[in-house]
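Welcome, and take a moment to turn the model around before reading on.

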Amino acid sequence: MIRPIDRYRKTKKRRLKTSNIHQNDVVSSPICNHLHGHAEIPEELIFSEILTRLPVKTLIKFKLVSKTWNSLISTPLFIKSHLKQTISNPYVPYNCVFIRSPYYFYILNYGAYDRCPNDRSGEKGLMRVNNLNYYDNGVNTFLMGSCNGLVCFGRGGAITGYEYCFYVYNPVMDLIFDVLDPLGNFQWMLMCGFGYVSCKDDYLLLVGGLQKRSSKTFVYVFSLKSKTWRKIRVFDEGELSIFSGGKGVLVNETLHWDLTQVWTPGVKSVCGFDLVDETFKEVEMPRMLLGNRVNLGFKLCDINGCLGGWVVFVDGVVEMWVLKQYGAWDSWMNLFKFDMLPGFRNFCGWTENGKVLLQTDDGSLLLADPKQNPAKYNSLVNYLGDIETVSFVQTAVSPIF
(Lines give C-alpha, C1' and ligand atoms only; values in the text may rest on other atoms or scores of the structure.)
Protein backbone atom coordinates (compact mmCIF):
# COMPACT_ATOMS: atom_id res chain seq x y z
CA MET A 1 0.00 0.00 0.00
CA ILE A 2 1.38 3.35 -1.05
CA ARG A 3 1.25 6.00 1.59
CA PRO A 4 -0.14 9.48 0.68
CA ILE A 5 3.26 11.10 1.25
CA ASP A 6 4.95 8.65 -1.16
CA ARG A 7 2.25 9.26 -3.79
CA TYR A 8 2.84 13.06 -3.47
CA ARG A 9 6.62 12.63 -3.94
CA LYS A 10 6.21 10.51 -7.07
CA THR A 11 3.74 13.00 -8.59
CA LYS A 12 6.10 15.89 -7.87
CA LYS A 13 9.02 14.07 -9.56
CA ARG A 14 6.95 13.44 -12.69
CA ARG A 15 5.96 17.14 -12.85
CA LEU A 16 9.57 18.35 -12.45
CA LYS A 17 10.75 15.92 -15.14
CA THR A 18 8.05 17.10 -17.57
CA SER A 19 8.84 20.74 -16.80
CA ASN A 20 12.56 20.24 -17.48
CA ILE A 21 11.81 18.58 -20.83
CA HIS A 22 9.65 21.53 -21.92
CA GLN A 23 12.25 24.01 -20.69
CA ASN A 24 14.96 22.33 -22.73
CA ASP A 25 12.74 22.46 -25.80
CA VAL A 26 12.13 26.17 -25.30
CA VAL A 27 15.78 27.06 -24.82
CA SER A 28 16.90 25.05 -27.81
CA SER A 29 14.45 26.79 -30.18
CA PRO A 30 15.54 30.20 -31.57
CA ILE A 31 11.96 31.02 -32.49
CA CYS A 32 10.77 30.32 -28.95
CA ASN A 33 13.63 32.41 -27.60
CA HIS A 34 12.36 35.40 -29.58
CA LEU A 35 8.73 34.78 -28.62
CA HIS A 36 9.53 34.45 -24.93
CA GLY A 37 11.54 37.70 -24.82
CA HIS A 38 15.02 36.23 -24.70
CA ALA A 39 16.21 38.18 -27.78
CA GLU A 40 17.95 41.48 -26.96
CA ILE A 41 18.21 44.69 -29.00
CA PRO A 42 21.85 45.69 -29.47
CA GLU A 43 22.76 48.58 -27.22
CA GLU A 44 24.34 50.42 -30.15
CA LEU A 45 20.98 50.36 -31.94
CA ILE A 46 19.20 51.62 -28.83
CA PHE A 47 21.40 54.70 -28.60
CA SER A 48 21.74 55.47 -32.32
CA GLU A 49 18.18 54.82 -33.55
CA ILE A 50 15.81 54.89 -30.56
CA LEU A 51 17.01 57.28 -27.86
CA THR A 52 18.09 59.93 -30.38
CA ARG A 53 14.46 60.21 -31.53
CA LEU A 54 12.96 60.83 -28.10
CA PRO A 55 11.91 64.25 -26.76
CA VAL A 56 14.55 65.74 -24.49
CA LYS A 57 12.33 65.56 -21.39
CA THR A 58 11.96 61.81 -21.87
CA LEU A 59 15.68 61.54 -22.52
CA ILE A 60 16.45 63.12 -19.14
CA LYS A 61 14.56 60.30 -17.42
CA PHE A 62 16.59 57.66 -19.27
CA LYS A 63 19.79 59.19 -17.90
CA LEU A 64 18.71 57.78 -14.53
CA VAL A 65 18.78 54.17 -15.79
CA SER A 66 22.48 53.71 -15.01
CA LYS A 67 25.79 55.50 -14.87
CA THR A 68 26.66 54.05 -18.27
CA TRP A 69 23.48 55.40 -19.87
CA ASN A 70 23.98 58.77 -18.23
CA SER A 71 27.53 58.94 -19.54
CA LEU A 72 26.64 57.90 -23.11
CA ILE A 73 23.64 60.23 -23.37
CA SER A 74 25.86 63.11 -22.24
CA THR A 75 28.54 62.61 -24.91
CA PRO A 76 28.88 65.32 -27.62
CA LEU A 77 28.39 62.72 -30.37
CA PHE A 78 25.04 61.58 -28.95
CA ILE A 79 23.88 65.17 -28.32
CA LYS A 80 24.64 66.13 -31.95
CA SER A 81 22.77 63.05 -33.23
CA HIS A 82 19.82 63.89 -30.98
CA LEU A 83 19.82 67.51 -32.17
CA LYS A 84 19.76 66.41 -35.81
CA GLN A 85 16.84 64.05 -35.18
CA THR A 86 14.98 66.67 -33.14
CA ILE A 87 15.09 69.29 -35.87
CA SER A 88 13.97 66.82 -38.55
CA ASN A 89 11.26 65.10 -36.45
CA PRO A 90 7.80 66.71 -36.96
CA TYR A 91 6.43 65.01 -33.83
CA VAL A 92 8.93 66.62 -31.46
CA PRO A 93 8.05 70.10 -30.12
CA TYR A 94 9.88 72.35 -32.57
CA ASN A 95 7.72 75.42 -33.21
CA CYS A 96 8.31 77.00 -29.80
CA VAL A 97 9.19 80.46 -28.53
CA PHE A 98 11.09 81.40 -25.40
CA ILE A 99 9.45 84.42 -23.76
CA ARG A 100 10.80 87.06 -21.42
CA SER A 101 7.97 88.78 -19.58
CA PRO A 102 8.24 91.50 -16.92
CA TYR A 103 8.32 88.82 -14.21
CA TYR A 104 9.10 85.35 -15.59
CA PHE A 105 10.51 83.28 -18.43
CA TYR A 106 8.08 81.07 -20.38
CA ILE A 107 8.12 78.50 -23.19
CA LEU A 108 5.18 78.30 -25.61
CA ASN A 109 4.79 75.45 -28.09
CA TYR A 110 2.61 77.32 -30.57
CA GLY A 111 3.05 74.68 -33.28
CA ALA A 112 0.88 72.26 -31.30
CA TYR A 113 -2.11 74.58 -31.77
CA ASP A 114 -1.70 74.27 -35.52
CA ARG A 115 -0.98 70.51 -35.65
CA CYS A 116 -3.70 69.50 -33.15
CA PRO A 117 -6.22 72.36 -32.96
CA ASN A 118 -8.88 70.26 -31.20
CA ASP A 119 -6.57 68.59 -28.67
CA ARG A 120 -6.84 70.30 -25.28
CA SER A 121 -4.07 68.35 -23.58
CA GLY A 122 -0.46 67.38 -24.09
CA GLU A 123 2.01 69.95 -25.37
CA LYS A 124 -0.27 73.00 -25.39
CA GLY A 125 -0.20 75.81 -22.91
CA LEU A 126 2.27 78.30 -21.50
CA MET A 127 5.06 76.59 -19.53
CA ARG A 128 6.73 78.74 -16.92
CA VAL A 129 10.47 78.27 -16.45
CA ASN A 130 10.84 77.92 -12.70
CA ASN A 131 14.60 77.53 -12.57
CA LEU A 132 15.47 81.22 -12.91
CA ASN A 133 14.16 84.12 -10.85
CA TYR A 134 14.47 87.83 -11.49
CA TYR A 135 16.14 89.92 -8.81
CA ASP A 136 14.83 93.16 -10.38
CA ASN A 137 11.41 92.15 -11.81
CA GLY A 138 13.00 91.79 -15.23
CA VAL A 139 13.57 95.52 -15.73
CA ASN A 140 17.18 94.99 -16.77
CA THR A 141 16.77 91.60 -18.49
CA PHE A 142 16.79 91.29 -22.29
CA LEU A 143 16.97 88.43 -24.80
CA MET A 144 19.94 88.28 -27.16
CA GLY A 145 19.18 85.24 -29.31
CA SER A 146 18.60 81.50 -29.42
CA CYS A 147 20.21 78.64 -31.32
CA ASN A 148 19.95 74.81 -31.07
CA GLY A 149 18.10 74.92 -27.76
CA LEU A 150 20.43 77.44 -26.09
CA VAL A 151 18.97 80.81 -25.11
CA CYS A 152 21.28 83.79 -24.65
CA PHE A 153 20.09 86.67 -22.48
CA GLY A 154 21.67 89.60 -20.70
CA ARG A 155 21.12 91.78 -17.68
CA GLY A 156 22.17 95.34 -17.05
CA GLY A 157 21.57 98.81 -18.42
CA ALA A 158 23.08 102.27 -18.59
CA ILE A 159 19.94 103.99 -17.33
CA THR A 160 19.50 101.81 -14.25
CA GLY A 161 23.22 101.69 -13.47
CA TYR A 162 23.52 97.87 -13.49
CA GLU A 163 26.67 96.52 -15.12
CA TYR A 164 26.15 94.21 -18.06
CA CYS A 165 26.44 90.43 -17.71
CA PHE A 166 25.36 87.71 -20.11
CA TYR A 167 24.09 84.12 -19.81
CA VAL A 168 23.82 81.09 -22.09
CA TYR A 169 21.03 78.86 -20.86
CA ASN A 170 19.31 75.57 -21.69
CA PRO A 171 15.98 75.85 -19.84
CA VAL A 172 14.99 72.22 -20.43
CA MET A 173 18.25 70.76 -19.13
CA ASP A 174 18.53 73.50 -16.46
CA LEU A 175 22.13 74.30 -17.40
CA ILE A 176 23.51 77.85 -17.45
CA PHE A 177 26.85 79.49 -18.20
CA ASP A 178 27.74 83.01 -17.02
CA VAL A 179 29.65 85.46 -19.24
CA LEU A 180 30.97 88.74 -17.88
CA ASP A 181 31.18 92.07 -19.72
CA PRO A 182 34.44 91.95 -21.77
CA LEU A 183 35.86 95.08 -20.13
CA GLY A 184 33.29 95.90 -17.48
CA ASN A 185 32.74 99.40 -18.83
CA PHE A 186 30.02 99.22 -21.48
CA GLN A 187 28.05 102.43 -21.26
CA TRP A 188 25.36 101.60 -23.78
CA MET A 189 24.87 98.31 -25.64
CA LEU A 190 23.61 98.93 -29.18
CA MET A 191 23.70 95.50 -30.79
CA CYS A 192 23.93 91.87 -29.74
CA GLY A 193 23.49 88.40 -31.16
CA PHE A 194 24.07 84.69 -30.64
CA GLY A 195 24.69 81.84 -33.08
CA TYR A 196 26.44 78.61 -33.98
CA VAL A 197 29.36 78.15 -36.40
CA SER A 198 29.33 74.60 -37.75
CA CYS A 199 32.88 74.57 -39.17
CA LYS A 200 34.26 75.56 -35.76
CA ASP A 201 31.69 73.63 -33.69
CA ASP A 202 31.41 76.73 -31.53
CA TYR A 203 28.74 79.09 -30.25
CA LEU A 204 29.52 82.80 -30.49
CA LEU A 205 28.06 85.71 -28.54
CA LEU A 206 28.40 89.20 -30.06
CA VAL A 207 27.99 92.51 -28.23
CA GLY A 208 28.65 95.99 -29.52
CA GLY A 209 28.19 99.41 -28.03
CA LEU A 210 29.62 102.57 -26.56
CA GLN A 211 32.16 102.37 -23.78
CA LYS A 212 32.63 104.88 -21.00
CA ARG A 213 34.60 108.01 -21.83
CA SER A 214 34.56 107.15 -25.55
CA SER A 215 32.40 108.03 -28.56
CA LYS A 216 33.52 104.97 -30.51
CA THR A 217 31.54 101.75 -30.98
CA PHE A 218 33.39 98.63 -29.78
CA VAL A 219 32.39 95.16 -31.03
CA TYR A 220 33.41 92.01 -29.15
CA VAL A 221 32.78 88.30 -29.75
CA PHE A 222 32.79 85.64 -27.03
CA SER A 223 33.58 82.01 -27.86
CA LEU A 224 31.73 79.47 -25.74
CA LYS A 225 34.35 76.86 -26.67
CA SER A 226 37.45 78.80 -25.64
CA LYS A 227 35.63 80.95 -23.07
CA THR A 228 37.42 84.08 -24.24
CA TRP A 229 36.47 87.51 -25.61
CA ARG A 230 37.99 88.95 -28.79
CA LYS A 231 37.80 92.54 -29.98
CA ILE A 232 36.54 92.41 -33.56
CA ARG A 233 36.37 96.01 -34.60
CA VAL A 234 36.22 99.60 -33.38
CA PHE A 235 33.99 102.01 -35.32
CA ASP A 236 34.61 105.71 -35.20
CA GLU A 237 31.78 108.06 -34.36
CA GLY A 238 29.34 108.13 -37.29
CA GLU A 239 31.00 105.22 -39.11
CA LEU A 240 28.37 102.76 -37.93
CA SER A 241 25.05 104.41 -37.19
CA ILE A 242 22.51 102.07 -35.63
CA PHE A 243 18.99 103.44 -35.27
CA SER A 244 17.51 100.33 -33.71
CA GLY A 245 20.01 97.51 -33.21
CA GLY A 246 18.94 95.07 -30.54
CA LYS A 247 19.31 91.34 -31.08
CA GLY A 248 20.40 90.12 -34.48
CA VAL A 249 18.41 87.73 -36.67
CA LEU A 250 20.44 84.57 -37.28
CA VAL A 251 20.26 83.18 -40.83
CA ASN A 252 22.98 81.30 -42.75
CA GLU A 253 25.39 81.62 -39.79
CA THR A 254 25.14 85.41 -40.13
CA LEU A 255 23.58 87.90 -37.72
CA HIS A 256 21.41 90.65 -39.25
CA TRP A 257 20.14 93.93 -37.82
CA ASP A 258 17.31 95.97 -39.28
CA LEU A 259 16.82 99.74 -39.57
CA THR A 260 20.50 100.52 -39.98
CA GLN A 261 22.71 102.82 -41.98
CA VAL A 262 26.08 101.31 -42.79
CA TRP A 263 28.97 103.48 -43.98
CA THR A 264 26.76 105.57 -46.33
CA PRO A 265 24.49 108.01 -44.47
CA GLY A 266 20.96 108.33 -45.83
CA VAL A 267 20.93 104.96 -47.62
CA LYS A 268 18.57 102.26 -46.35
CA SER A 269 20.24 98.90 -45.84
CA VAL A 270 20.68 96.00 -43.43
CA CYS A 271 23.83 95.29 -41.45
CA GLY A 272 25.13 91.72 -41.38
CA PHE A 273 27.89 90.06 -39.38
CA ASP A 274 29.29 86.80 -40.72
CA LEU A 275 30.06 84.55 -37.75
CA VAL A 276 32.35 82.32 -39.81
CA ASP A 277 34.93 84.92 -40.90
CA GLU A 278 33.82 87.49 -38.27
CA THR A 279 33.37 90.39 -40.67
CA PHE A 280 30.63 92.96 -41.24
CA LYS A 281 28.86 93.18 -44.58
CA GLU A 282 25.99 95.03 -46.20
CA VAL A 283 22.76 93.22 -47.07
CA GLU A 284 20.44 94.75 -49.64
CA MET A 285 16.78 95.28 -48.84
CA PRO A 286 14.01 94.46 -51.35
CA ARG A 287 14.24 97.04 -54.13
CA MET A 288 10.48 97.54 -54.09
CA LEU A 289 10.81 99.08 -50.62
CA LEU A 290 13.42 101.61 -51.68
CA GLY A 291 10.99 103.63 -53.80
CA ASN A 292 8.83 106.60 -52.90
CA ARG A 293 6.09 104.64 -51.14
CA VAL A 294 6.06 105.86 -47.54
CA ASN A 295 6.41 103.16 -44.88
CA LEU A 296 6.63 103.14 -41.10
CA GLY A 297 9.65 100.86 -40.86
CA PHE A 298 11.28 97.66 -42.04
CA LYS A 299 12.07 94.81 -39.63
CA LEU A 300 13.82 91.49 -40.09
CA CYS A 301 12.79 87.99 -39.02
CA ASP A 302 13.68 84.34 -39.55
CA ILE A 303 11.24 82.44 -41.79
CA ASN A 304 12.07 78.77 -41.26
CA GLY A 305 15.77 79.29 -41.97
CA CYS A 306 15.37 82.05 -44.58
CA LEU A 307 15.88 85.76 -44.07
CA GLY A 308 12.56 87.55 -43.98
CA GLY A 309 11.55 91.16 -43.64
CA TRP A 310 8.23 92.88 -43.08
CA VAL A 311 7.16 96.47 -43.59
CA VAL A 312 4.16 98.49 -42.41
CA PHE A 313 2.86 101.14 -44.78
CA VAL A 314 0.99 104.27 -43.76
CA ASP A 315 -2.29 102.84 -45.09
CA GLY A 316 -2.08 100.02 -42.51
CA VAL A 317 -1.04 97.26 -44.91
CA VAL A 318 1.65 94.82 -43.71
CA GLU A 319 3.81 93.15 -46.35
CA MET A 320 6.10 90.19 -45.70
CA TRP A 321 9.13 89.51 -47.90
CA VAL A 322 11.47 86.50 -47.94
CA LEU A 323 14.96 86.10 -49.43
CA LYS A 324 14.67 82.83 -51.37
CA GLN A 325 18.42 82.46 -52.01
CA TYR A 326 20.82 83.96 -49.53
CA GLY A 327 23.39 86.18 -51.21
CA ALA A 328 21.25 86.70 -54.31
CA TRP A 329 19.73 90.02 -53.28
CA ASP A 330 17.43 90.13 -56.30
CA SER A 331 15.67 86.98 -55.02
CA TRP A 332 13.54 88.88 -52.48
CA MET A 333 9.95 87.68 -52.96
CA ASN A 334 6.70 89.06 -51.62
CA LEU A 335 5.20 86.33 -49.43
CA PHE A 336 1.89 87.85 -48.33
CA LYS A 337 0.20 91.02 -47.20
CA PHE A 338 -2.79 91.82 -44.99
CA ASP A 339 -4.35 94.67 -43.06
CA MET A 340 -2.52 95.38 -39.83
CA LEU A 341 -4.09 94.11 -36.62
CA PRO A 342 -4.68 96.92 -34.04
CA GLY A 343 -1.79 96.87 -31.56
CA PHE A 344 0.36 94.64 -33.79
CA ARG A 345 4.06 94.72 -32.86
CA ASN A 346 6.03 91.82 -34.30
CA PHE A 347 6.15 88.46 -36.10
CA CYS A 348 7.47 85.78 -33.73
CA GLY A 349 7.27 82.45 -35.52
CA TRP A 350 6.00 80.24 -38.35
CA THR A 351 4.32 76.83 -38.55
CA GLU A 352 4.69 74.10 -41.16
CA ASN A 353 1.24 74.99 -42.53
CA GLY A 354 2.11 78.63 -43.18
CA LYS A 355 0.50 80.21 -40.13
CA VAL A 356 2.32 83.01 -38.30
CA LEU A 357 2.68 83.87 -34.61
CA LEU A 358 1.97 87.54 -33.92
CA GLN A 359 2.79 89.68 -30.88
CA THR A 360 0.72 92.68 -29.81
CA ASP A 361 1.59 95.69 -27.68
CA ASP A 362 -0.07 94.26 -24.56
CA GLY A 363 1.98 91.04 -24.67
CA SER A 364 -0.63 88.82 -26.30
CA LEU A 365 0.35 86.12 -28.80
CA LEU A 366 -1.95 85.12 -31.63
CA LEU A 367 -1.74 82.49 -34.37
CA ALA A 368 -2.88 83.89 -37.71
CA ASP A 369 -3.49 82.48 -41.17
CA PRO A 370 -2.37 85.21 -43.63
CA LYS A 371 -3.69 83.23 -46.60
CA GLN A 372 -7.25 84.02 -45.55
CA ASN A 373 -8.71 87.42 -46.32
CA PRO A 374 -9.40 88.85 -43.84
CA ALA A 375 -6.80 87.00 -41.78
CA LYS A 376 -8.16 84.62 -39.14
CA TYR A 377 -6.69 84.90 -35.64
CA ASN A 378 -6.49 82.38 -32.78
CA SER A 379 -5.54 83.83 -29.39
CA LEU A 380 -2.96 81.68 -27.55
CA VAL A 381 -1.65 83.91 -24.73
CA ASN A 382 -3.17 87.11 -23.35
CA TYR A 383 -1.76 90.17 -21.62
CA LEU A 384 1.77 89.22 -20.58
CA GLY A 385 2.87 92.86 -20.75
CA ASP A 386 6.14 94.07 -22.22
CA ILE A 387 7.61 90.82 -23.60
CA GLU A 388 10.40 89.64 -25.89
CA THR A 389 10.46 86.35 -27.78
CA VAL A 390 13.04 84.22 -29.58
CA SER A 391 12.55 81.02 -31.55
CA PHE A 392 13.33 77.96 -29.46
CA VAL A 393 13.70 74.20 -29.85
CA GLN A 394 13.98 71.77 -26.94
CA THR A 395 17.34 69.97 -27.12
CA ALA A 396 19.97 68.36 -24.90
CA VAL A 397 22.75 70.77 -26.00
CA SER A 398 24.82 71.98 -23.06
CA PRO A 399 26.18 75.53 -22.73
CA ILE A 400 29.10 74.14 -20.75
CA PHE A 401 31.86 72.84 -23.05
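A nonpolar core, as the term is used here, is a set of buried Ala, Val, Leu, Ile, Met, Phe, Trp, Tyr and Cys residues joined through side-chain atoms within 4.5 Å. Keep in mind as you look that this is a predicted model.

Let us start with the whole chain. The protein chain has 401 residues, and 47% of them are buried. Its secondary structure consists of 7 helices and 26 strands. Of the contacts between residues at least 6 apart in sequence, 44% join residues at least 24 apart.

Now look inside. In soluble globular proteins, nonpolar side chains tend to be buried together. Here the largest nonpolar core has 25 residues, and Leu51, Phe98, Phe105, Leu143, Phe153 and Phe392 have the most contacts inside it. At least two residues each come from several elements, including helix H3 (43-50), strand E1 (96-100) and strand E26 (388-392). Strand E6 gives the most, with 3 residues. A second, separate core has 24 residues, among them Leu83, Phe142, Val168 and Leu224.

Ile41, Leu45 and Ile50 make a nonpolar surface patch of about 260 Å². Leu45 lies in helix H3, and Leu45 counts as partly exposed because its relative accessibility is 40%.

Our last stop is strand E23 (residues 356-360). Is this strand enclosed or open? Because 5 of its 5 residues are buried, E23 is largely enclosed by the rest of the structure. In a regular strand the side chains alternate between the two faces of the sheet. In E23, Val356, Leu358 and Thr360 point one way, while Leu357 and Gln359 point the other way, and all are buried.

E23 also has partners. Strand E22 (residues 344-350) pairs with E23 in the antiparallel sense over 5 bridges, with Phe344 opposite Thr360. These two strands form a hairpin with 5 residues between them, and Gly354 in the turn has a positive phi of about 90°. Strand E24 (residues 365-369) also runs antiparallel to E23, joined by 4 bridges, and Gln359 stands opposite Leu365 in E24. The hairpin of E23 and E24 has 4 residues between the strands, and there Gly363 takes a positive phi near 85°.

How values were computed. Residues numbered from 1 in each chain as written. Predicted model: local features only at pLDDT ≥ 70, side-chain atom pairs only at ≥ 80, totals over all residues. Heavy atoms only, no water. Buried < 20%, exposed > 50% of the residue type's maximum accessible area, 1.4 Å probe, protein only. Patch = residues over 30% accessible without salt bridge, like charges linked within 9 Å, V, L, I, M, F, W, Y side chains within 5 Å. Areas by Shrake-Rupley, 256 points an atom, 1.4 Å probe, with all protein chains shown as cover. Salt bridge = Lys/Arg side-chain N within 4 Å of Asp/Glu carboxyl O. Contact = heavy atoms within 4.5 Å. Pairing = 2+ DSSP bridges.
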